[in-house]
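Hello,

Please find the structure below, together with its sequence.

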Amino acid sequence: MGMGVYDATSGCGALTFVDDSDPNTLFLSGLTIGNTYLVRVYNWSSTIFYNTFDICVGTPPSAPENDDCSGAVSLTVNEDLNCTEVTNGTIASATNSGVDTCGGTEDDDVWYSFVATSETHTVSLLNITGGTTDLYHAVYDADPGCGALGTALTCSDPNNSTTSGLTVGNTYFVQVYSWTSTAGQTSVFDICIGTPPPPPANDNCATAEALTVNTDGTCTITTSGTLESSTESSINPSCDSGTEWDVWYSFVAPSSGNVDFTVTLGTGNPLEYAVFDDCAGTTQLYCSCLLYTSPSPRDA
């Protein structure tokens, strides 16, 4: 079936086209309250079919209170990444706020704000139902004000993102909308602001964690580590394949022989490691390739 909607103010002889639709649901906006509109229903096929159907004219809910940046809903910042505190939201009946710096189609965006308690926070869109699940979100510095937000700090099609370099105590905006340009999306969701843990104690070379050198030829004594919340180092190993979100360790070399290094990947992305003789990275003694699994020991 197809349908077309016309403004009938001037009568049937001078109809003004408003919109049409091949899908069986059509969302109309910009109508004039009190005016009469005509709906034409027809068969899309050139073959004669005698369809029967029901037709309904519905009224969407009012736009959400946070339809514009100026009405941004304040979010509670979680102390960790567990998202114990979430805020319910919807893009149903949301309109275009005119802020368009990221991907997707911001024709149904809604707005939130939070006060940073850390230099890094995460945004998570959870429990998305009631329409498209392909939502998009962006993070902006709220300091310039809603009228001059500038470029987004983060643009994210995935429903989870991390924004770093925030100023503790400053306010930031989060813009949420559907990726699709199809009007009338009614998705509901929960939004959460999370706080990653602080960087590891050995985040910098100057605070490298001391390792025990095994003397029996086996790795009986091992040290656990994590890259979670680590920051970028200024030292670039020769086997660098990306940004060095790194942690540091130290050891005292034995009087003779080689030292074998074994790094076993637990969870997360592939790892690399490099060995230097000082924190300035003056002399690189060894640099590994990407470690997807537990490798053979490396000699240096």
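Is Cys 69 buried or exposed? Cys 69 is buried, because its relative accessible area is 7%, and buried means under 20%. Please keep in mind that this is a predicted model.

A search of the whole structure gives four disulfides.

The link connects distant parts of the chain, 77 residues apart: Cys 69 sits in the loop between β3 and β4, and Cys 146 in the loop between β8 and β9. The torsion about the S-S bond is about -75°, so this disulfide is left-handed. Cys 146 is partly exposed, at 31% relative accessibility.

Cys 83 and Cys 192: the S to S distance in this disulfide is 2.0 Å. Cys 83 is in the loop between β4 and β5 and Cys 192 is in strand β12, so the bond ties together parts 109 residues apart in sequence. With a torsion of about -90°, this disulfide is left-handed. Cys 83 is buried at 17%, and Cys 192 is buried at 0%.

Cys 102 and Cys 155: their sulfur atoms are 1.9 Å apart. Cys 102 is in the loop between β5 and β6, while Cys 155 is in strand β9, 53 residues apart. This link is left-handed, with -60° about the S-S bond. Cys 102 is buried at 13% relative accessibility, whereas Cys 155 is partly exposed at 38%.

Regards

How values were computed:
Residues numbered from 1 in each chain as written. Predicted model: local features only at pLDDT ≥ 70, side-chain atom pairs only at ≥ 80, totals over all residues. Heavy atoms only, no water. Disulfide = S-S within 2.5 Å. Helix = DSSP H or I, 4+ residues; strand = E, 2+ residues; numbered from the N terminus. Buried < 20%, exposed > 50% of the residue type's maximum accessible area, 1.4 Å probe, protein only.
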